[in-house]
Amino acid sequence: MSRRLSALLVAAFTTMALSAAVAPSSVGAPAEVDPGLFAALQRDLGLSADQARARLAVEDLARSVRKRVAASADGGSWLDPNGRLVAGVTSQARAEAVRAAGGIPKLVSRAEPALDAVKSTLDSAAAKAPGTVHGWYVDVASNSVVVRSRPEALAAARAFVLASGAQAGAVRFESSLEQARPLIDVVGGNAYNIGSGSRCSVGFSVTGGFVTAGHCGNTGAATSNPSGTFRGSSFPGNDYAWVQVAAGNTPVGAVNNYSGGRVAVAGSQDAPVGSTVCRSGSTTGWHCGAIQARNSSVTYPQGTVSGLIQTSVCAEPGDSGGSLLAGNQAQGVTSGGSGNCRSGGTTYFQPVNEILQTYGLTLLTDGGNPPPGGECGKGTYSGSLAANGSAYQPNNSYYQSTAAGTHTGCLSGPSGTDFDLYLQKWNGSAWADVAESAGPGNTEKVSYSGTAGYYRYRVHAYSGSGSYTLTTGAP
């Protein structure tokens, strides 16, 4: 392990130790990590297993910091090369608030909504963009909107920006040779067929079906293996769709890891720019990279798609619609890209939370393992929290699991609040988060397949206050 990554790992577990409560006198086995994920990280990013663990541990902490600094980071947030959370701010007061919350502030001249407005202006003029302009995105790290263009046609790109009415001072130009295209017409990850011959990939399971890419099929189109019907589809502009499956098909809250197993999906918390992500698709299996930008626009031959996640993950035709994960958190479904998995490339993903919100869908997070004692178990605990408060269950203590199996927790908070749920495991020196559900509402559910050991739940009132009920199950 390199000296830098070793230091990062020590820093990661030191930070987790700060939140540890009374520790059990003996410990269980280390928390399980999917072997396929680590094999892909080592192959694609040139990391050892220890370096991959260090990187993911640091980035997990950074996601927690991102949530704490969100109210102050009006210029957006991203990870620096050391995995630390940097937050753009437009005032010294915001900088102090970010620093107090554990982030690294950077003074910027434009708030993120101002950058989004510049990008929206370009989106409105997308039909007039020359074919030599390959797309544009908000780059929070440089506090600008980046327009990608063929190097010999930068003058045409500048003319497009000026004609659009976008604030030219907020735009920078980047040479690009990519030729993005929808990844379709070949079998993808967890393949399904559309109509009489075309095939795509299942993205993520939802109640009653699954989400996928919009370019895979139009509303009303029939699917087979699994059998179902497209109930909604949008492309271009967006690239999302959902398929309602017929009786006899069972959606599972997991993703194929192409190493003989699957990764259980624990939620859909957005990962910040710079985070490590991995993609699943049957043409090329597992491949990993990093998030380069969010809210990116890309122009395909069929038209421009906006609001995408731009990544350095490779993909090839046939991976369309497949799953993008940051750890066990769903991020998006494969839209399209350029390059291949031999020489590398850029791949774009439709954010999964936008699909869920558009169609009113619920992401499945059970990993396919039925919880003991009913949907969420038989243990019931209650309490009351002030805004931004936390409590540990069961009863401000922990519980011991003597066998491997599935741990489940269902949280219900007061209406109109945002309560989050975290499952933690004792790793020998500190309590470490092993599963979380941190959506925007007052109900959360976690499911974690773990080994024997000591566990506890942390209930956090992200916003609002009041009484909550937690139902749990364990092996």
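Let's start with Asn-295, which sits in strand E18, residues 285-300. Strands here are DSSP runs of E with at least two residues, helices are runs of H or I with at least four residues, and both are numbered from the N terminus. The phi of Asn-295 is near 60°, a positive value in a residue other than glycine. For us, buried means under 20% relative accessible area, exposed means over 50%, and partly exposed is in between, with a 1.4 Å probe and protein chains only.

A word on what you are looking at. This is a predicted model, where local features need pLDDT of at least 70 and side-chain atom pairs count only at pLDDT 80 or more, while totals for chains, interfaces and linings use all residues. Residues are numbered from 1 along each chain as its sequence is written, and side-chain values use heavy atoms, with hydrogens and water left out.

Asn-395 also has a positive phi, about 55°, although it is not a glycine. You will find Asn-395 in the loop between strand E24 (390-393) and strand E25 (399-401). Asn-395 is exposed, with a relative accessible area of 62%.

While we are on the backbone, have a look at two prolines. The peptide bond from Asn-225 to Pro-226 is cis, with omega near 5°, and Pro-226 lies in the loop between strand E12 (222-224) and strand E13 (228-234). The bond from Phe-235 to Pro-236 is cis too, with omega near -5°. Pro-236 belongs to the loop between E13 and E14.

Now let's zoom out to the whole chain. How many helices and strands are in the chain? There are seven helices and 31 strands. Of the 475 residues, 54% count as buried. The chain exposes about 18,500 Å², and carbon and sulfur atoms supply 51% of that; these areas come from the Shrake-Rupley method with a 1.4 Å probe, and for residues only the protein chains shown count as cover.

Next, please find an open sheet of three strands, in the order E1-E2-E3, with mixed pairing. Strands of a sheet pair through backbone hydrogen bonds, either parallel or antiparallel. Here, two strands pair if DSSP finds at least two bridges between them. E1 (77-79) and E3 (104-107) stand at the edges with a single partner strand each, so one side of each has no neighbour in the sheet. On average, neighbouring strands of this sheet are turned by 30° against each other, direction ignored. Four bridges join E2 (residues 85-89) to E3, and these two run parallel. One detail to click on: the bridge partner of Val-89 in E3 is Leu-107.

Helices pack here as well. H3 (residues 49-69) packs on the sheet and touches E1 and E2, and its direction makes about 25° with that of E2. Helix H4 (residues 92-100) lies across E2 and E3, running at about 165° to E3. Those angles run from 0 to 180 degrees between N-to-C directions, with axes fitted to C-alpha atoms, for helices over the stretch in contact.

Ser-72 counts as buried, at 15% relative accessibility. Leaving out residues up to four places away in sequence, Ser-72 touches Gly-88, Val-89, Arg-94, Ala-97 and Val-98. A contact means heavy atoms within 4.5 Å.

On to the inside. The largest nonpolar core has 29 residues, and Leu-122, Trp-136, Val-145, Val-147, Phe-160 and Val-161 have the most contacts inside it. Such a core is a set of buried Ala, Val, Leu, Ile, Met, Phe, Trp, Tyr and Cys residues joined through side-chain atoms within 4.5 Å. A second, separate core of 25 residues includes Ala-40, Phe-204, Trp-286 and Ala-330.

One last stop: helix H7 (residues 352-359), where Val-352, Asn-353, Ile-355 and Leu-356 are buried. They cover an arc of only 160° around the axis, which puts them on the same side of H7; the arc is that of the directions from the helix axis to the C-beta atoms. What covers these buried residues includes strands E10 (204-206), E11 (209-212) and E14 (240-245). After H7 comes Gly-360, whose phi is positive, near 65°.
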